[in-house]
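Please keep the sequence and the structure in view while reading.

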Amino acid sequence: MGKESKEMTVVHGLDLNRYIGRWYEIASIPSFFQPRDGVNTRATYSLNADGTVHVLNETWSGGKRDYIEGSAYKANPNNDEAKFKVKFYVPPFFPIIPVTGNYWVLFLDPDYTYALIGEPARSYLWILSRTTHIDDEIYNQLLEKAKEEGYDVSKLHKTPQADPPPDSDDKSPTDKKGIWWIKSLFGK
């Protein structure tokens, strides 16, 4: 049996209260639709009153801030697997159609400082960190974990991150389309 046919291993017992907050994209397997010049890409998670997670994804492309918001929830609330569904509405500024994708936490260090996020088709992969950069040793460990889960890590693309990172409320123009986030996350 090939690695692609086996079930991926996910984190168990993820503590959402520790997981929420800002995560910087260190690297990803980008989709065809994702801007090749996207920099400072990040995700910010916060708890909603109903127990779901508010998701804000941001990137800067061509000097403009792109973003989209959605919500995440446990795929199966009756187990402790870190398998989530993420729902966005398309288009983001006139939401009509819900689009849902998978968000599986494949690895998370004990201090909740870096994470490996995937999805069952192995088309997309994200390396996230609480800081804009991680040590090569940690990066390479995450690459090995991704390989073990059947990913072709040669497709990973490192995401440029400014230090310090830009503010969300900075004065850069905002791209109101946001559609590339949907296509990037779900391969549509």
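## Strands and their pairing

Two strands count as paired if DSSP finds at least two bridges between them, and the elements themselves are DSSP runs numbered from the N terminus, helices being H or I of at least four residues and strands E of at least two. The model is predicted, so that local features need pLDDT of at least 70 and side-chain atom pairs pLDDT 80 or more, while totals for chains, interfaces and linings use all residues. Residues are numbered from 1 along each chain as its sequence is written, and side-chain values use heavy atoms, with hydrogens and water left out.

Strand 1 (residues 21-28) runs antiparallel to strand 2 (residues 39-47), and four bridges join them; Gly21 has Tyr45 of strand 2 as its bridge partner. Strand 2 is also joined to strand 3 (residues 53-61), again antiparallel, by seven bridges, with Tyr45 opposite Val55. Five residues lie between the strands of this second hairpin, where Gly51 takes a positive phi near 90°.

## The largest cavity

A cavity is a set of points on a 1 Å grid over the protein atoms alone where a 1.4 Å probe fits but cannot get out, and lining residues have an atom within 4 Å of a point. Of its 20 lining residues, the closest to the centre are Ala43, Tyr45, Val55, Asn57 and Tyr103.

Strand 2 gives the largest share of this lining, four residues.

How values were computed
1 Å grid on protein atoms, 1.4 Å probe; cavity = no way out; pocket = protein on both sides within 12 Å on 5 of 7 lines; lining within 4 Å.
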